[in-house]
Amino acid sequence: MIHLDGSVIMTAMRIVVPIKQVPETNAVRMDEETGTMIREGVEAVVNPLDLYAIEAALQRREACGEGKIIALSMGPPKAAIALREAIAMGLDSGVLLSDTRFAGADTWATSYVLAAAIRKLGEVDLILCGERATDGDTGQVGPGIAAWLDLPVATYVGGIAGFADGVLTCRRLVEGGHELLDVQLPAVVTVVKEVAAPRLPTLRGKQRSRQSDIPTCSADDLDVEESNLGLAGSPTRVVKIFRPSVARQCETLRPRDESELAEACDRIVEFLQHKELV
Amino acid sequence: MNESSFNPVTDTIVDELRDIVGPSYVVYGDADKLQPYSHDEIPDRHYAHMPDVLARPRTAEDIAAVMKLANRDRIAVTPRGAGSGLSGGAVPIHGGIVLLCDRMNEILEVDEANMMLVAEPGVVTAEINERLAGTGLFYAGYPMSLETCSLGGNVAENAGGGKAVKYGVTSRYVLGLEVVTPTGEIVQLGGKLIKDVTGYSLVPLMLGSEGTLGIFTKITLKLSPAPRSSVDLLALFKTAEDAIAAVPTIMTEGGIVPTAIEFIDRNAVKLACDYLNETLPYQDAGAMLLLTCDGPTTEQVEREYEAIGEQCLAAGGIEVYVADNATTTERIWSVRRNIAEAAALLGEHQANEDLVVPPAAIAELVLGLEAISRKHDVFMPAYGHAGDGNIHTRIIKRPETSIEDWQAALPGVLREVYTLTARLGGRISGEHGIGHKRKAHMGQFVSEAYLDLCRSLKKAWDPNGVLNPGKIFDL
């Protein structure tokens, strides 16, 4: 265990996985008039990219032989379903952060509350986040938590190569390759799909998760400034949501006979070369 | 009646077809464009045959006019849906005209008061439930190819699929059909009636008739209340024997009818997982069962899946995974649905079998298939609808086996597979149909008296033998 101040007290890891409940992607429909998402009747699932963080956490615990993994979610009461799914996959417990005052939070206000909750959880070695949520698509909450807690952060991690002496070796995907980062724990790591293939929840896990008590924290349970919460505490505003119009530039080649075929092929090759596709 | 004495399609006939369906909806004289209509999804191209002409009708009247023309000039007509069949039902083995129903693709009516739906044959099966979303109703047919197959083909083959344990096969839901007869009459069979004994029940006769007795132009389907909760279990077993032995126990001892019980052996799982880049932990498992429970409330479904999951563990299951949301459910079912596609990539030298036995004999069938596979050293992934007694196996040429050795060995393997199936009281096809692919083996499973009845029926309805000739049995 490593205190937030860096002192090592034991080897078993304590990991927090912040997760988000999102609408099931295939079921998402848009209200054409208002340009907003229709959430009614749409199934909610654990953000698919968070499943990779859950799996990475489980593999870390297995590699260490022992440890505790806590799932954390800020959302309405029904977000407890996402926490139960995480427990069914093998996490030890879940904490729900639910308060009407949290509603409408942007990434700044969300990471603020999550960081406050993590602080309240006490000693934490590793905070594993999915790269981004499939609904908001910002990828800012993980680094936001790191900023609030003043912890190092490694983003786009596609593999964990090792852990020794409180240092986690992460394979961070960058354009055209990867970087190997030695990250001093405690730290925040945001993972991408390559990190691990998520396991499915088991029958025994489901039974355990159904019996698990999911404590709910409100703003009153956390050491937070009221003015930093929810919509009021959010510096960003969604001004407009719209479907981007896709303007495809199409070029049609119509060789009239075989003699023009070669010319058309040359044009296609030239086009593909220009786009750096061949 | 000599089936091989059809007349060729002439330019004059093509002009007539253009007049009937519209000039842009006839393909003629272009082998590249006609080639896709020469085969279905049978990997072995030996079963393919080119059509002379493709016509794409829009109405029942179009089809009636084509059938009259075909009878007048004795030209073979082969109706075709999405071409996802596995027995050659849509293959024009005598050339002639292929009637493609893809333009007839409207859902004509959703009748919520009667809980029924009327659709044209070219509607893709999966579109039906997409259309019904939000009505609280659903269509219970679930063929494995539902994203590509069309309703007309489902009716023609009496498609089964993954949820037949609880919901039955296509025939349970077809209440009415508008049919163009082989001689070109348009006739209404059945209708929006739950009960109807006004004369012979001809709707059931059309179900599974493989396009030999008529072409469906409107299909009235019975809908059901949509389950509000559905959970899938994926149970891993050490051996295929353990897995398949659990099936009769689940079916008879738990007092619960699951929606689906699919068996997938290790070879089949590996094929699909490699194809999908899926990482299910199948490495230690000899076989898997995929089980579904659905119902009106979460609580009921929870009770049922837990009871069935416990039965799997008690029967020696290594692990039981639970999928209760769209992400995990799709992950599990896509493995099952993609086995056929993954196997098809292994080349055309394979026989895709569709064996069906009384449900209690399923274990004996699966273990018998394993023994045949070992004895002949052939690659035979097995998978399918274990709860219905319907197992698919593909007998696939290994890359190292020469084509000559393969061709010499396959008939012997098939003979043993069919003999085993017959001994268990089974039949040669549960849901894929006979087509021209399996018709030579019909005699092993049905009596000559039965075949004579079928022949006299076919001759009475199709005196010139022009509609989908050469399928199911020889005249």
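Q: What kind of crossing does α2(A) make as it passes α5(A), and what makes it so?
A: In this predicted model, α2(A) passes α5(A) in a right-handed crossing. The name applies because a crossing is right-handed when the near helix is turned clockwise from the far one by less than a right angle.

Q: Which residues of α2(A) and α5(A) meet?
A: From α2(A) come A:Arg84, A:Ile87, A:Ala88 and A:Met89, and they meet A:Gly205, A:Lys206, A:Arg208, A:Ser209 and A:Arg210 of α5(A). This contact has three nonpolar, two polar and four charged residues. A:Gly205 goes with the polar ones, because Gly is counted among them.

Q: How do you know that β16(B) is largely enclosed by the rest of the structure?
A: Count its residues: strand β16 of chain B covers residues 350-356, and seven of the seven are buried, so the rest of the structure largely encloses it. Each of the seven qualifies because a residue is buried when 20 or more other C-beta atoms lie within 10 Å of its own.

Q: Which residues of β16(B) point one way, and which the other way?
A: B:Gln350, B:Asn352, B:Asp354 and B:Val356 point one way, B:Ala351, B:Glu353 and B:Leu355 the other way, and all are buried. In a regular strand, side chains alternate between the two faces of the sheet.

Q: What makes β16(B) and β18 of chain B a pair?
A: Seven bridges join β16(B) to β18 (residues 390-396) in the antiparallel sense. DSSP needs to find at least two bridges, so the two strands pair. One of the bridges links B:Val356 to its partner B:Asn390 in β18(B).

Q: Why are β5 and β9 of chain B called edge strands?
A: The order of the open five-stranded sheet is β5-β6-β10-β8-β9 in chain B, with antiparallel pairing. β5 (107-111) and β9 (186-190) each pair on one side only. On average, neighbouring strands of the sheet are turned by 10° against each other, direction ignored.

Q: How many bridges pair β8 of chain B with β9(B)?
A: Five, in the antiparallel sense, with β8 spanning residues 174-180. Among them, B:Gly176 has B:Gly190 of β9(B) as its bridge partner.

Q: Which strands of the sheet does helix α3 of chain B touch?
A: Helix α3 (residues 60-73) packs on the sheet against β8, β9 and β10 (215-222) of chain B, its direction making about 50° with that of β8(B). Helix α4 (residues 125-132) of chain B also packs on the sheet, touching β5 and β6 (116-119), with about 45° between its direction and that of β5(B).

Q: How many residues of chain B are in contact with chain A?
A: There are 13, facing 14 residues of chain A. On the side of chain B that touches chain A, β15 (317-323) and α11 (326-337) are the elements giving two or more residues. The largest share, five residues, comes from β15(B). By type, this side of chain B has six nonpolar, six polar and one charged.

Conventions
Residues are numbered from 1 along each chain as its sequence is written. Chains are lettered from A and ligands numbered from 1 in the order in which they are written. This is a predicted model: local features need pLDDT of at least 70, side-chain atom pairs count only at pLDDT 80 or more; totals for chains, interfaces and linings use all residues. A residue is buried if 20 or more other C-beta atoms lie within 10 Å of its own, exposed if 12 or fewer, and partly exposed in between; C-beta atoms are placed from the backbone. Helices (H or I, at least four residues) and strands (E, at least two) are DSSP runs, numbered from the N terminus. Two residues are in contact if their C-beta atoms, placed from the backbone, lie within 7 Å. Axes are lines fitted to C-alpha atoms, for helices over the stretch in contact, and angles run from 0 to 180 degrees between N-to-C directions.
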